Structures are given as structure tokens and as C-alpha cells.
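Trainee: Before we look at the model, may I ask how its features should be read? I would like the general idea each time, followed by the case at hand.

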Amino acid sequence: MYTLRLTRTLLAAFDPDPEASAPPATTTRLGDWQVQPIQAGRRALLLCTSERTLLTVVLPADALDALPQRLAIGLVALLRGLAVPEPVIAAEIDQMADGVVRPTYSRTTLGAMRGLAAVVRREMAAQRRGVDVAALHRTLAGYRSRLTGGRPVGDLARDQLMRPV
């Protein structure tokens with residue numbers, strides 16, 4: 001179980017229940033995911049960032065109704081690129097099978113996402129012909145923030161996923 005936390009603009013597309021109760025506790029190791037739209041040149045993208053680790057998956061901004069499934073698929077590819085063992089990936093994705101949609105609330109994570117968005121825009125501008133999504137995700141996995149103690153977010157995510165329960 002996890003919460004997909006969307007900005008107001010994206011939340012409107014999901015038609016959330018205004019009477020919804022507080023989301024249940026997150027059971028995924030990467031925690032809840034904040035999702036923010038960004039523009040990179042002519043491309044409309046979604047920046048999907050783990051609150052616990054700042055690990056980020058970049059997705060095209062279309063097909064919002066399938067966002068939870070698309071995030072899981074993108075995360076699998078990213079975690080494989082980080083050499084996370086398949087059983088660990090499967091366990092995380094299994095926990096993401098159930099989720100709820102709620103508004104964003106972590107200004108700290110949203111602030112860090114501004115830096116991540118700048119990296120995406122820079123990389124997209126450098127990749128004029130076609131976007132190498134795996135290379136983009138590798139670059140983002142190397143992102144360092146004061147929130148991660150200066151560690152690359154990919155290393156932090158791998159450690160979070162590999163720690164004993």
C-alpha cells in the first residue's frame with residue numbers, strides 16, 4: 001500500500017473523493033510518491049519522486065488514468081538498472097499493487113523536485129534526437145541532495161530496498 005501524491009493540477013484529473021479519509025500507512029520501502037508535471041522543451045512529462053529516497057521516474061504526461069501502472073513499470077526498469085535483485089523488485093511492486101491518490105503535502109520533497117526537474121530539462125536539451133530514458137534515469141539516480149546527506153539517490157534507494165525487514 002502506498003499513496004500517490006499529486007499536485008492540484010493532476011489531482012483534478014483523478015476526480016478524488018473530497019470526503020476521503022487519511023491514507024493508510026505506506027508499506028512500500030520507497031514510501032509514497034510525489035508526482036509533479038514539468039515541461040522539458042516541447043515535452044510534457046511527469047516527475048514521479050519517492051519521498052523517502054528522492055529516486056525519480058520520468059514518464060510522459062499522457063494517460064493519467066494509467067499512472068499507477070506506468071509508474072510501477074518505469075520503476076521496475078529503473079531498479080533493474082540499479083542492479084536491485086529481481087525478488088526485491090517484485091516485493092516492492094507487489095506492495096504498490098494497492099494505492100490511493102491524495103494531494104501533495106511535502107514541501108521538502110517538492111523543493112527537491114525542482115532540482116530534479118532542472119536536471120531533466122538539461123538532459124532532455126542535450127538529447128535532441130531521441131530520449132534515452134535509461135540514461136536519463138541513470139543521471140537522476142546520481143542526483144545528490146542535502147536531503148539524502150549528499151548521497152546519490154540511487155544508492156540510497158538500493159540501500160532502502162535491501163535493508164532487512
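Mentor: Let us begin with the elements: helices (H or I, at least four residues) and strands (E, at least two) are DSSP runs, numbered from the N terminus. This is a predicted model, in which local features need pLDDT of at least 70 and side-chain atom pairs count only at pLDDT 80 or more, while totals for chains, interfaces and linings use all residues. Residues are numbered from 1 along each chain as its sequence is written, and side-chain values use heavy atoms, with hydrogens and water left out.

Trainee: Is Leu-54 buried or exposed?

Mentor: Buried means under 20% relative accessible area, exposed over 50%, and partly exposed in between (1.4 Å probe, protein chains only). Leu-54 has a relative accessible area of 3%, so it is buried. Ala-83, in the loop between α2 and α3 (86-95), also is not a glycine and has a positive phi of about 60°. Ala-83 counts as exposed because its relative accessibility is 61%.

Trainee: Which residues does Thr-109 touch?

Mentor: Contact means heavy atoms within 4.5 Å. Thr-109, in helix α4 (residues 107-126), touches Gln-34, Thr-49, Glu-51 and Leu-54, not counting residues up to four places away in sequence. At 5% relative accessibility, Thr-109 is therefore buried.

Trainee: Where is Thr-148 placed, and what is it in contact with?

Mentor: Thr-148 is in the loop between α5 and α6. Leaving aside neighbours within four places in sequence, Thr-148 is in contact with Thr-53, Leu-54, Val-153 and Leu-156. Its relative accessible area is 7%, so Thr-148 is buried.

Trainee: How many residues does the largest nonpolar core have?

Mentor: In soluble globular proteins, nonpolar side chains tend to be buried together. A nonpolar core is a set of buried Ala, Val, Leu, Ile, Met, Phe, Trp, Tyr and Cys residues joined through side-chain atoms within 4.5 Å. Here the largest has 28 residues, and those with the most contacts inside it are Leu-4, Trp-33, Cys-48 and Leu-71. Elements giving two or more residues to this core include β1 (2-6), β2 (33-40) and α6 (153-162), while α2 gives the most, with six residues. A second, separate core of 18 residues includes Leu-47, Val-120, Met-124 and Val-153.

Trainee: Why does the span of α2 agree with its number of residues?

Mentor: The expected span of a helix is 1.5 Å times one less than its number of residues. The 15 residues of α2 should therefore span 21 Å, and its end C-alpha atoms are 21 Å apart, which agrees. The buried residues of α2 include Leu-67, Leu-71, Leu-75 and Leu-78.

Trainee: What lines the largest pocket?

Mentor: On a 1 Å grid over the protein atoms alone, a pocket is an open set of points where a 1.4 Å probe fits, with protein on both sides within 12 Å along at least five of seven lines; lining residues have an atom within 4 Å of a point. The lining of the largest pocket includes Arg-43, Leu-45, Met-124 and Leu-136, and β4 gives the most to it, with three residues.
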